[in-house]
Amino acid sequence: MMISTVLVISAIVIFPCFYNETNAQQAFRENNFLRTERIPSVADSNLEVELVVGGLQIPTTMAFLGPDDFIVLEKDKGTVIRVTNGIISSKPLLDVSVANSVERGMLGVAVSKNASKTFVFLYHTEINGNDSDDRKGLQPLANRIYRYELVGNELVNPILLLDLPANPGPRHNGGAIEIGPDNNLYIPIGDVDASFKKPIIRTMTQNFGDALVADGRSGILRVTQDGQPVGEGILGNSMPLKLYYAYGIRNSFGLGFDPVTNNLWETENGPTHGDEVNLVYPGFNSGWHEMYGFSYSQQKFDISKLVTFDGKGKYSEPKLVWGRTAGLTSLIFLNSDKLGTQYRNDMFVGDVHNGRIYNFKLNADRTELALPKSLPSKFFTSLNATGVDEILFGQGFGGITDLTVGPDGYLYVVSIGQGKIFRILPNLPNSNDMRITSEEQQNISATNLSETNGIGDAQIEEQQNTLTTNLSGDSDSADNNNELLISISPLKDPVTRGESQNTTITVIDAASRAVANAEIDGNLIYPGDNFEKEFSGVTDSQGKFVYSWIIGEKGDVGPLAIEVEVSSHGYPPSSAVGSFDIVESSAQSE
Ligand SMILES: [Ca+2]
Ligand SMILES: [Ca+2]
C-alpha cells in the first residue's frame, strides 16, 4: 500500500498549482516508502516504542481479533497473517492471488465480531492468475471486498461485497476499510489513475461534469456488512452512486471516526504536494480532479465546475494541507488514556514517506484541528516548518501504513518500510529511575530491580549508574533474615507474550564475603556466578518475575551489588546494576 508520487519534480512547489502528472504516468515508483532501519522514537519521554513483531513482508494494515491476537496483511503475497502473543502463525489464514505492482495488492482489513461469528473484511486487487502477474501484462480483475468468516485458523465462506475498478491503475486504489459507529463499512477508493491516464475514465464523482455518473471510483463508499446500500443514497439512488458517502477523492489510505462526535475524518494524498486532512460530512466533495489542497492555491479554480449532484454534494476545504507530500496514510483517534490522559481522543496521523506520526488536538466542538500558533494558515510549507515539532509525535518508523489502537489501549504502528509492527506505550512505572542507559534503550524496556517485601532492615546507601533500587522495605519487620525479594521486569513484550528470554544475573559482593549465596529459583548462586533463566512468560499481576533472593546467613550486613543482564530474541542485550547496603535491624530507627 504505497503512496507513490510522481517522479518528475522540476522544483519544489510551495503552493499547490494545477497538477501535471501526464509526463510521469508511465514511471510509477515501486515501493515508494521509507525503508530506513532507524530505531523509532517518540518525543514524549514518558512513552517508549516496543517491537511487537518483525519479519513481515511489505505489511499494509492490521486488525485485532483479541488481546495480543491480530491479523496483518502482506501486500504483495496476498496473505493474511495471524500474530498471536507476538508469534507469527506457521500458516497464513488466507493466501489469495493479487495483482501487486506499485499500490495494488492486499490492502485493507477490518474485523467485526458478534456472539457467534467473527467476520473478516478484506480489500485486495484480485487477479485471475498468480501473484504479480500484472507485472507481466495480465490485467487485474478488480479491486474487491470480501467478507470471510474466521473459523479456527482459517478464513472461510467468502462473500463478495464490492466489485470496484482496478484499471487503469496501478495507483490510487485506497482500500483501508473502517467500520463506523453505525456498524457499516466505510471504504476509501481513489481515481485508480483514471483521471489522467489512458484510458481516461471520466465520472461525475471525479468532478467531470458531463460524464458517467459513477463507477465506484473516487469516493468513500458505505455499505452494510452484507454489502448492501445504507438507506437512501446521499447523492442519488442510482447504483453505484447510492453507495457514495463522499466523492472527489484523489486517493486515501486513512479513515477515522471521532469517538466523541462520530464525525468521519480522512487523509488524502496529493501528487507532489497537497496532502490533506479532511472532515468528511455526508456528501463531502474533496474536489478532485478539479483541485486538491486549498482552493485559494489553485490557479484556475472555478467552484462552479465542481459537480454537486443537484446540491446534495458539497465541497469543503481541508483542515490541514502539507506543502510537500508526506504520503499520509492512517488516521485514528486514540480512544484510550493508556498513553496518558492528555492524549485521550486525540487524532494521530501516520505517513509513508518520512516514517512520522503526527498528533493533533481538536478544538472545543471538534470541527477543526487545534494547530500550533505558528501554523495559522493550516499549511505546512515543509516538513521542518516552524510548528511542526509541536505536532510531531514519533519518527524513525520507516514508512507507516497503519496505526491501530489495540485492546490494551496502546498505539500500534505498522511499518511497511521495516516489515515490523511496533507499539507505543508508557515506560515502566518508576522506570525513569531504573532506565538502562544502553544505546538501544528506545528499542527495549528497562530492567527494574526492586525489593518488595521482607527486608525491612535493608536500606539503600547509595545508588549506582542510573538504576535506583526501591528498597522501601517493611519497617515493621523485626526479622532480619536478609531475604531480598527481587522483581525483574523483563523485556516486557516478548516475555509477556510468552517468548523465551535469557537473563543473566550476576552477584557482586564488594566485601568479598563468603556469604552471598543467593538463591534464585531454587539455584544457589555465588559471587561471580551467572544465573541464566529462560522465562516462560508467566509473570505476576505487575508483569514482573519475582525471585526470592536469600543473601547469606542471618545477620549478614554490608554492601551488595547485583547486576542483571537481559536479552531476548531480536533485541540487543541490556543491563542494569543495583547496589544495596544491608544493615542490622538494630541499626534501624523505627
Ligand atoms: Ca498469494
Ligand atoms: Ca480536497
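1. Strands β10 and β11 pair in the antiparallel sense over 8 bridges. Strands are DSSP runs of E of at least two residues, numbered from the N terminus, and two strands pair if DSSP finds at least two bridges between them. Arg147 has Ile159 in β11 as its bridge partner.

2. This is a predicted model, where local features need pLDDT of at least 70, side-chain atom pairs count only at pLDDT 80 or more, and totals for chains, interfaces and linings use all residues. Residues are numbered from 1 along each chain as its sequence is written, while chains are lettered from A and ligands numbered from 1 in the order in which they are written.

3. The pair belongs to an open sheet of 4 strands, ordered β8-β9-β10-β11, with antiparallel pairing. β8 (106-113) and β11 (154-164) are the edge strands; each has a single partner strand, so one side of each is left without a neighbour in the sheet.

4. Ala142 is found in β10, which covers residues 142-151. Pro165 is 23 residues from Ala142 along the chain, yet their C-alpha atoms are separated by 5.2 Å.

5. Tyr315 lies in strand β20 (residues 314-315). Tyr315 is partly exposed, with 18 other C-beta atoms within 10 Å. Neighbours within four places aside, Tyr315 is in contact with Asn285, Gly287, Ile303 and Leu306.

How values were computed
Buried ≥ 20, exposed ≤ 12 C-beta atoms within 10 Å, placed from the backbone. Contact = placed C-beta atoms within 7 Å.
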